[in-house]
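Here is a briefing on a model with two chains in view. It covers one chain overall, the contact between the chains, and selected parts of the other chain.

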Amino acid sequence: MTRALSTRVTRPGAGRRSAGVNPSTDEHATDAAGPAAGTVGTPVPRLSALQCRLCGARYAAAPIAICERCLGPLEPLPDEGDLRRRDGVTRQVITSRPPSLWRYAEWLPFDGRPRLSPDTGFTPLVDAPALARLLGVERAWVKNDTVSHPSLSFKDRVVATGINAAHALGLTTVGCASTGNLANAVAAHAARAGLAAWVFIPHDLELGKVVGAAIYRPHLVRVQGTYDDVNRLCAQVADEFGWGILNVNLRAYYGEGSKTMAFEIAEQLDWRSPTAVVAPLAGGSLLSKLAKGFGEFRSAGLIDGPPPRFYGAQAAGCAPIVRLVERGDDRIVPEIPSTIARSIAIGNPADGLFAARTIRESGGWGAAVSDVDLVRGIRILAECTGIFAETAGGATVAAALALARAGHWRASDEVVLCITGHGLKTVEAVAGTFDDAPVIAPRLRDVAALAARVAQRTGG
Amino acid sequence: MAITITLPVVLAKLAKGERAHSASGATLGEAVADLAQRYPELAPRLRDERGEPYPYVTYYVNDEDARFHGGFGARVRDGDEVIVVPAIAGG
């Protein structure tokens with residue numbers, strides 16, 4: 001079989017080559033690391049410096065995510081130039097830019113244009129009147145990251161940001177610890193960029209997620225254990241090998257990509273904030289960054305009015321953040337996950353405290369739903385809106401319904417549900433829940449018989 | 001009882017650049033205190049003023065989260081391996 005044409009550009013000495021390899025039979029990914037096609041010679045953007053969210057200590061741009069002084073989380077620190085550039089951006093300027101998350105570039109931690117992953121973002125915001133009726137609210141929208149480019153989950157946003165940070169830092173190997181979506185995204189973006197990728201996942205992830213990472217041929221490693229074991233291992237891997245592990249040592253830069261979901265929602269609502277946002281909670285980063293994103297646009301004068309109330313969705317079999325919201329204290333109690341919602345099965349969520357505080361301070365709440373209910377949520381979403389979500393999406397819908405029953409919605413609410421990944425990635429969750437479709441011979445009268453039965457059932 | 005405590009790079013800087021250290025104690029808390037006493041600059045990063053672990057620092061004893069085994073009260077034995085990992089999760 002002839003070797004597939006590669007668009008990768010290799011630089012002598014960068015990464016390792018494995019020449020003459022048949023890509024369809026080789027065990028390991030081709031180590032054709034090097035600068036992304038088309039980026040040789042182009043200036044690499046300058047990366048923001050970092051600051052500790054807890055103690056304020058500052059650091060130069062680096063693949064670090066933890067404060068040396070207090071071990072708190074680091075975040076990019078915009079400098080005066082960055083803030084001046086934000087001032088110059090109006091709604092009209094943003095609206096005139098191409099439909100990707102880079103239309104909000106001034107709020108992402110780069111000075112100068114990032115070259116990798118240019119097409120990610122600006123997913124549809126789908127009006128969902130049937131869902132609004134079920135929730136008892138005036139308006140409901142689905143922020144539809146199930147169709148995110150390229151890997152069908154919101155993780156494309158954080159990888160678009162993180163992989164450009166890796167590039168700016170001169171790293172040629174990236175990686176991640178993942179429950180699946182991040183694995184898919186890192187593998188996809190790295191393949192396009194020509195970067196080597198080490199992707200670590202629990203050994204028993206859903207088939208769609210495993211294939212959805214393997215297809216891009218990263219170094220895919222299945223770890224015997226829970227996601228928390230994988231994550232802890234990757235913290236050690238980052239220390240040991242110096243790779244750019246997006247959700248470990250590049251986390252400060254990677255996290256910023258999630259803000260773009262909020263920016264898009266605001267823009268797509270015609271520069272307004274919804275009154276409420278429902279988002280799934282895994283590590284707690286997405287919800288925290290959604291709040292940050294709406295806050296930054298408010299500070300920029302691009303939207304006005306009160307911030308949204310934030311509601312978090314988890315599975316009852318792993319709900320440390322929702323339990324923290326309910327208790328109202330300040331310490332996460334870790335859990336051992338037991339749920340089919342693997343993408344939100346994080347028993348030790350490091351952004352959990354921050355997410356819980358964000359929820360409470362916004363006047364929101366949380367809901368932890370059963371596996372049965374989240375599957376029902378997937379199906380309701382599909383039947384109401386034509387959107388097929390993975391288990392985390394089902395949990396989000398089920399949580400919104402549970403919150404409706406508990407009286408959290410006002411009739412005047414405009415609610416956005418953040419649906420974060422495509423249902424084909426977790427098809428096992430719903431595959432067994434349908435009655436088998438009828439099998440007929442290719443005869444017209446058999447179709448007529450079926451149609452008559454349907455008409456009889458529906459009285460029409 | 002000699003156990004090994006492995007520090008992350010970010011904390012090793014406060015322990016003469018060494019990541020792996022020997023420590024003694026019957027419990028995780030005693031072993032951590034032993035290490036802390038030898039490296040005063042490192043000490044406040046390992047546990048707070050009350051001697052409790054920080055929410056942002058997870059201790060693993062033989063690859064298991066110590067919080068499931070009594071935290072600093074977890075018993076440790078000769079040859080046990082303790083890893084200190086600043087908590088970063090989500091993927």
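Two strands count as paired if DSSP finds at least two bridges between them. The model is predicted. In chain A, 3 strands form an open sheet in the order 3-2-4, with antiparallel pairing.

**The sheet in chain A**
- Strand 3 (58–59) and strand 4 (74–77) of chain A are the edge strands, and each pairs on one side only.
- Strand 2 (residues 49–52) of chain A is joined to strand 3 of chain A by 2 bridges. These two strands run antiparallel.
- Which residue stands opposite A:Gln51 in strand 3 of chain A? The residue is A:Arg58.
- In general, strands of a sheet pair through backbone hydrogen bonds, either parallel or antiparallel.

**Helix 12 of chain A**
- Helix 12 of chain A spans residues 352–362.
- Its buried residues start with a run: A:Gly352, A:Leu353, A:Phe354, A:Ala355 and A:Ala356 are among them. A:Thr358 and A:Ile359 are also buried.
- The buried residues of this helix pack against two helices of chain A, helix 10 (285–299) and helix 11 (320–327). They also pack against strand 13 (309–315) and strand 14 (366–369) of chain A.
- Just after helix 12, A:Gly363 takes a positive phi of about 85°.

**Chain B as a whole**
- Chain B holds 3 helices and 5 strands. From the N terminus on, the order is β-α-β-α-α-β-β-β.
- Chain B has 91 residues, for which a compact globule would have a radius of gyration near 12 Å. The value for chain B is 12 Å, so it agrees with that rule.
- Along the principal axes, the C-alpha atoms of chain B fill a box of roughly 35 × 25 × 25 Å.
- Buried residues make up 35% of the 91 residues in chain B.
- Take the contacts in chain B with a separation of 6 or more: 54% of them join residues 24 or more positions apart.

**Where chain B meets chain A**
- How many residues of chain B are in contact with chain A? There are 21, and they touch 32 residues of chain A.
- Helix 1 (9–12), strand 3 (57–61) and strand 5 (81–86) of chain B each supply at least two residues of the side that touches chain A.
- By class, this side of chain B has 14 nonpolar, 3 polar and 4 charged residues.

Notes
Residues numbered from 1 in each chain as written. Chains lettered and ligands numbered in written order. Predicted model: local features only at pLDDT ≥ 70, side-chain atom pairs only at ≥ 80, totals over all residues. Buried ≥ 20, exposed ≤ 12 C-beta atoms within 10 Å, placed from the backbone. Helix = DSSP H or I, 4+ residues; strand = E, 2+ residues; numbered from the N terminus. Contact = placed C-beta atoms within 7 Å. Nonpolar A, V, L, I, M, F, W, Y, C, P; charged D, E, K, R; others polar. Rg over C-alpha atoms; globule rule 2.2 N^0.38 Å.
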